[in-house]
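I opened the notebook to record what I looked up in one structure. The entries are in the order I made them.

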Amino acid sequence: MKPVKLTISAFGPYAGTQVIDFRVLGDRSFFLIHGPTGSGKTTILDAICFALYGDTSGAERKGEQMRSDHADVTVPTEITFDFVLGADSYRILRYPEQERPKKRGEGVTKMAKNATLWRRTGLNDDAAEGVVLAAGWEKVTEEVEKLLGFKSSQFRQVVMLPQGEFRRLLMAETRERQAIMEILFRTEFYRRLEEFLKESAKNLQAEIKQLADQRNWVLQNAGAGSWDELEQKYKANLEQQREVKENIKKCGAALKTAQDHLEAGKRVQEKLKEKEDAEKAVKELAQKAPVIEVKRAELTRAKLAAGLWDAANLLHTRVREAEAAATNLENKRVVKNKAKEAYEKAAKALATEIEKEPEREAAGREVARLEELVAKVAALAEALQAVGKAGELVKAAKTAQAKAEDYLAGIRKAIEEKTAACSAAKTIADQATALEAAYLLAEETCRKRQTLENYRRELAKALNFYNQAEKKHRQAETRYAAAREKLADLQEQWDKGQAAILAGGLTRGEPCPVCGSLDHPNPAVAGGVLPSEADLKSCRQAVSELEEALNRARNECGKLKTIKSTAQSRVEDLEKELGEKAHIDLAALLATVSKAKEVWSQACRAQKTASGLEAELERLKEQEKQADRLWEEYKDKYQKANTELEAARAVLHERESSVPENLHDPAALDKARQEARQRKDILTARFEQAKKTAEEAKQALAGAEAAEKEALAGWRSAVDLREEEELSFQKRLKSAGFDSLKDYEDARRTPEEIKKMEKEIKDFDEALHAARDRQARAARAAEGLKEPDMEKLVREEATVKTAYEQLLKKEGLLQSQVEEGLRSLEKLAELEGKLKSLEDRYMVIGRLSEVANGKNKYGLTFQRFVLGALLDDVTVAATQRLKLMSRGRYHLQRTMELARRNAAGGLDLEVFDTYTGAARNVATLSGGETFLASLSLALGLADVVQSYSGGIHLDTIFVDEGFGTLDPESLDFAMRALIDLQKGGRLVGIISHVPELKERIDARLEIRPTERGSVAGFRIV
């Protein structure tokens, strides 16, 4: 990635729009970013990093925190960055969340953060944006990460090396360095291969475990512990099944015999029972014979009565016709009476409506009067409308006059306020110089007070460490003294014990091995348990260790005492310098500084405000003159509108007198007209309706009287027919043998009842005949038979059957066990075959996974092995520059030693010191040495990445500070290394305060602070 153009707006110290065009460098690829502290050098890197990733180069400030304090509220904070990546050109526009003025009305509104990325390949016009690749804050960041191949944190470790981040790549642990190199060298394939092998081994393990669990389940389900036990169990069940089948055959034959005997007994029992049932059926039918004879006589009379059914039905018809004619006559009489009452009521209502003729005539006259008032009310409405319009003109003129008066008063008040504000601003502005001095003094005091607070914390920490060390020293002295005393006691016991041992070996008359005396008057005796030589040696070792611990504690205590004294001296010196302010709360001092800065800022702003207020006062005085003229104009308009209103009111009064007061409103007149017409129409309609109703009632009464006469004639005819039919039916009863109508009714039956009696009699006769035949057959079949012992036969059959069923159940159980055993053996054989195949595969895949995933003494994964080889190339390239910068003293190299037992290894770095001939950790380098080593590593990494051409373009490197830690000779070597980068076409930008760099580098991006923010521009010497 190479920068082309950077446009900064209201960002950091850059209040306006600042354009930095890197194309002015031409063929130069080495430049210095130079300027005073706080002018905005690092902000250049912040802007590039913010445009690409949405955060700053140090990742400590958010975009919304980079809003320039000097910027006008109308200027938005945004970054536009044009850059080249390989053969393609791109542009990014990004702006953070910020407040902007409302488009309508006063105040501000919040503008959401956003970003856009364009591809501009082939475009030469800076105004052309190109094709949109991504839009939206997160989407643009994701697309940039894909294009550059870096995340923000990795970009700051490899391409842009800001303050505080420069040495991170050098000091990174294996895992952090692996993440960076994986992206740079595109080695994610090897990581995916590790994961594939690991996942494959895991899946194989899971399959093996699953098959082993299935095998164990098969054995457990079969109740066996092994294949042999399962096979033996299967064969035993097979043999037992064969024996049970033989027993089933024998028991089946015995069961067949018992069942035959039982069936024969049942047949004898059934024949005897049939004889008994037949005799009983004949006896029961004989008992029913008298009842059947009665029914034979009843059937004869019913058949005679059936011959009179036609005459009886005709008589019933004549009776019903006479009753219907009587009902019809009564109904017609009721209708005639109701029609008569309706006619009388309608005639009365018609007479009432005839009497209302005068009222109908009055309603017509009222309608005519109201029609005449329509034109007058319309004229009155026009006059009233004219008065309303004139009143509105008066009101509008009065309101306009009041507004003009308020506007004039407002301008005069504003003039008064602006005059006072201008005077106050001038007063405050005159104090700006004194307030600035007060602010700087307060800031210096606060800084010293902050330093004092830090020194106090260091002193407290040193005191705490010193007290702990002193306590440990006293404890070490106590333990050492106790151990020495214990050693002395053991030594004394040892010496006495040795004497007692020698004394125990003395013999009377033989010389003492110590003194040679033959007399032994008082031999030594052991006073207790004698210590061993090992105990004595262990105690001496403990005393020696405690003595070393005491010396260490004494040395540590001395060092911490020196640190404590130094910290105490610093605190006392600074307290003396600050005096009373040394004990003021730091927050209060910070508040004082903040207040002093705010007061000074107010004074600075007041200087600008005063000149602005003077111009505002001139403008307001001119507005005052215009407002005064406007007020006079609206005053004349109000007087004219008042005159027109009075004239309209006079015309209205004249027209109101010609119309009744309650009808002034056209709506009221229309309502009165409608009511009058409605009343007239109602009276007329009621009269017409009464005439119509009376005529209809008269016609209805005539029709009802005619219907009554016709119904009377029909009733008389029906009564005559009924009486004739009654005489004819009485004659036929006597000829059929019935004494009376009641006698006929008792004998009468329906056709269904007659058929039922005939069937019942016939069924009885047939049943009696069949029962007698059955009795004869059953007697012949049971002749000579005796009752069998059925209980004994049932008992014998049940016993044999139970034994047979038990054998069948046992045979079925054995059959299922045999089948289950066979299935288990087959399943077990199948599982064993699969297990063997999977275990053979796991022997290969599992081992490969362990090796590839770092299960070795170095904790080295396959990917880290590949990256290690690449890191070796990087250290070789880095060492070429580091040797030059360190005058041949240091070489960078990879180490396989693990920082911790459980840490990842393979990508850790160490430095080989040719002065000592030993390798050591890179953390042991001094500040300047660390800078040179970090710079060498970054440049070597860029060389190797470019040589492998892995799709990552490391065409640019920015270095923010660090050169101030170098001596002149080291600085000279570092500059040579950086200048060599130009040979590869790489752009190198350096931020530094070192004066020598300004003299050596002819291309400089100079940052110059002003009162309204900083400005930047390239200067080519």
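The entries below go through aromatic rings, strands, salt bridges and a surface patch.

**Entry 1: what I am looking at.** I note that the model is predicted.

**Entry 2: aromatic rings.** I looked for aromatic pairs and found seven in the structure. I took up Phe-11 and Phe-50: their ring centres are 5.6 Å apart and their planes stand at 35 degrees, so I wrote the pair down as tilted. Phe-11 belongs to strand β1 (residues 2–11) and Phe-50 to helix α1 (residues 41–53), so the chain positions linked here are 39 residues apart. I checked the cover of Phe-11 and Phe-50, and both are buried.

I then followed Phe-50 to Trp-137. The two rings are edge-to-face, with 5.8 Å from centre to centre and 65 degrees between the planes. Trp-137 is in helix α2 (residues 137–148) and Phe-50 in helix α1, so this pair ties together parts 87 residues apart in sequence. For Phe-50 I read a relative accessibility of 0%, which counts as buried. Trp-137 has 13%, and it counts as buried because the cut-off is under 20%. I put Phe-11, Phe-50 and Trp-137 down as one aromatic cluster.

What lies over the face of Trp-137? I found Arg-94 there, 4.7 Å from the ring centre.

**Entry 3: strands.** Arg-94 came up again when I looked at strand pairing: in β5, it stands opposite Ile-79. Strand β4 (residues 78–85) and strand β5 (residues 88–95) run antiparallel and are joined by seven bridges. They form a hairpin with two residues between them, and Gly-86 in the turn has a positive phi of about 65 degrees. β4 also pairs with β1 in the antiparallel sense, over seven bridges. In that pairing I noted Lys-2 opposite Val-84 of β4. How many of the eight residues of β4 are buried? I wrote down six, so the strand is mostly covered.

**Entry 4: a residue of α2.** I looked up Glu-138, which is in helix α2. Glu-138 is partly exposed, at 49% relative accessible area.

**Entry 5: salt bridges.** My search of the whole structure gave 19 salt bridges. In one of them, Lys-295 meets Glu-760, with the closest N and O atoms 2.5 Å apart. Lys-295 lies in helix α8 (residues 289–306) and Glu-760 in helix α17 (residues 751–781), 465 residues apart. Lys-295 is partly exposed at 22%, and Glu-760 is partly exposed at 31%.

I next noted Arg-823 and Glu-820, whose side chains form a salt bridge of 2.7 Å, N to O. Both lie in helix α18, three residues apart, about one turn of the helix. Arg-823 is partly exposed at 46%.

Arg-889 and Asp-913 form a further salt bridge, at 2.9 Å from N to O. Arg-889 sits in the loop between α19 (862–885) and β11 (890–895), and Asp-913 in strand β12 (residues 908–913), so the pair ties together parts 24 residues apart in sequence. Is Asp-913 buried or exposed? At 1% relative accessibility, Asp-913 counts as buried, whereas Arg-889 at 22% counts as partly exposed. I also found a network of salt bridges with shared partners, joining Lys-5, Asp-21, Arg-23 and Asp-126.

**Entry 6: a surface patch.** Met-843, Val-844 and Leu-848 make a nonpolar surface patch of about 310 Å². Val-844 lies in helix α18 (residues 790–852) and is partly exposed at 48%.

Key. Residues numbered from 1 in each chain as written. Predicted model: local features only at pLDDT ≥ 70, side-chain atom pairs only at ≥ 80, totals over all residues. Heavy atoms only, no water. Phe/Tyr/Trp six-rings, centres within 6.5 Å; stacked < 30°, edge-to-face > 60°. Helix = DSSP H or I, 4+ residues; strand = E, 2+ residues; numbered from the N terminus. Buried < 20%, exposed > 50% of the residue type's maximum accessible area, 1.4 Å probe, protein only. Lys NZ or Arg CZ within 6 Å of the ring centre and 35° of its normal. Patch = residues over 30% accessible without salt bridge, like charges linked within 9 Å, V, L, I, M, F, W, Y side chains within 5 Å. Areas by Shrake-Rupley, 256 points an atom, 1.4 Å probe, with all protein chains shown as cover. Salt bridge = Lys/Arg side-chain N within 4 Å of Asp/Glu carboxyl O. Pairing = 2+ DSSP bridges.
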